[in-house]
Amino acid sequence: SDLYVADRRWGTRCQSAYAWRSLLDSGAPVAFGTDCPVEPPDPLRTVHAAVTRQRPDGIPPGGWHPAQRVTVAEAIRAYTVDSAAALGWADTVGALAPGLLADAVVLSADPYEVEPSELADIEVVTTVFDGRIIYAR
């Protein structure tokens with residue numbers, strides 16, 4: 001949502017801002033987070049923004065510096081496996097794998113199957129934390 005502020009303050013330098021595609025293509029690890037309290041603490045909105053380069057309302061049309069888009073799989077990996085690695089926790093969390101601690105969510109739709117514009121609309125149906133269901137819609 002800060003694309004207009006960034007454009008106003010950074011001008012043409014925005015072409016290399018939030019350069020997720022360029023970073024991934026270079027082999028650099030990328031770790032995502034929600035940027036709360038600037039943005040809502042909703043990981044699916046961050047995935048949507050990284051994949052579409054748009055706000056949930058579709059602004060700007062075609063995406064903000066669309067050459068920096070990433071795939072859904074890359075965005076989810078940046079949120080999970082790569083974020084755990086950035087914290088030094090890759091041997092403990094970050095993936096659903098034997099021997100790792102795992103929290104999980106059940107979503108209202110498959111993020112790999114919906115249209116990218118619909119990613120921000122996916123809802124959490126169930127949250128499992130520490131082996132217990134702590135939220136169920």
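**Largest pocket**

On a 1 Å grid over the protein atoms alone, a pocket is an open set of points where a 1.4 Å probe fits, with protein on both sides within 12 Å along at least five of seven lines. Grid points are joined across faces, edges and corners, and a volume is the space filled by probe spheres set on the points. By this definition the largest pocket has a volume of about 1,100 Å³. This is a predicted model: local features need pLDDT of at least 70, side-chain atom pairs count only at pLDDT 80 or more, and totals for chains, interfaces and linings use all residues. Residues are numbered from 1 along each chain as its sequence is written, and side-chain values use heavy atoms, with hydrogens and water left out.

The lining of the largest pocket (residues with an atom within 4 Å of a point) comprises 33 residues, and Tyr79, Thr80, Asp103, Ala104 and Val105 lie nearest its centre. Two or more lining residues come from each of H3, H4, helix H5 (81–86), E1 and E2; E2 gives the most, with four. Helices (H or I, at least four residues) and strands (E, at least two) are DSSP runs, numbered from the N terminus.

**Aromatic pairs**

Rings of Phe, Tyr and Trp (its six-membered ring) pair if their centres lie within 6.5 Å; planes under 30 degrees apart count as stacked, over 60 as edge-to-face and the rest as tilted. The structure holds five such aromatic pairs. One of them joins Phe32 and Tyr79 edge-to-face, at 6.3 Å centre to centre and 85° between the planes. Phe32 sits in the loop between helix H2 (20–26) and helix H3 (43–52), and Tyr79 in helix H4 (residues 72–79), 47 residues apart.

**Helix H3**

Seven of the 10 residues of H3 are buried, so the helix is largely enclosed by the rest of the structure. Among them are Leu44, Val47 and Val51. The buried residues of H3 pack against H2, H4 and strand E1 (104–107), where contact means heavy atoms within 4.5 Å.

At the start of H3, a side-chain oxygen of Asp42 comes to within 2.9 Å of the backbone nitrogen of Leu44. Just after H3, Arg53 has a positive phi of about 60°.

Strands E2 (residues 124–129) and E3 (residues 132–136) run antiparallel and are joined by four bridges; two strands pair if DSSP finds at least two bridges between them. Thr127 stands opposite Tyr135 in E3. Two residues separate the strands of this hairpin, and Asp130 in the turn takes a positive phi of about 55°.

Note on methods: Buried < 20%, exposed > 50% of the residue type's maximum accessible area, 1.4 Å probe, protein only. Polar contact = N/O pair within 3.5 Å; in protein donor to acceptor, adjacent residues only side chain to side chain.
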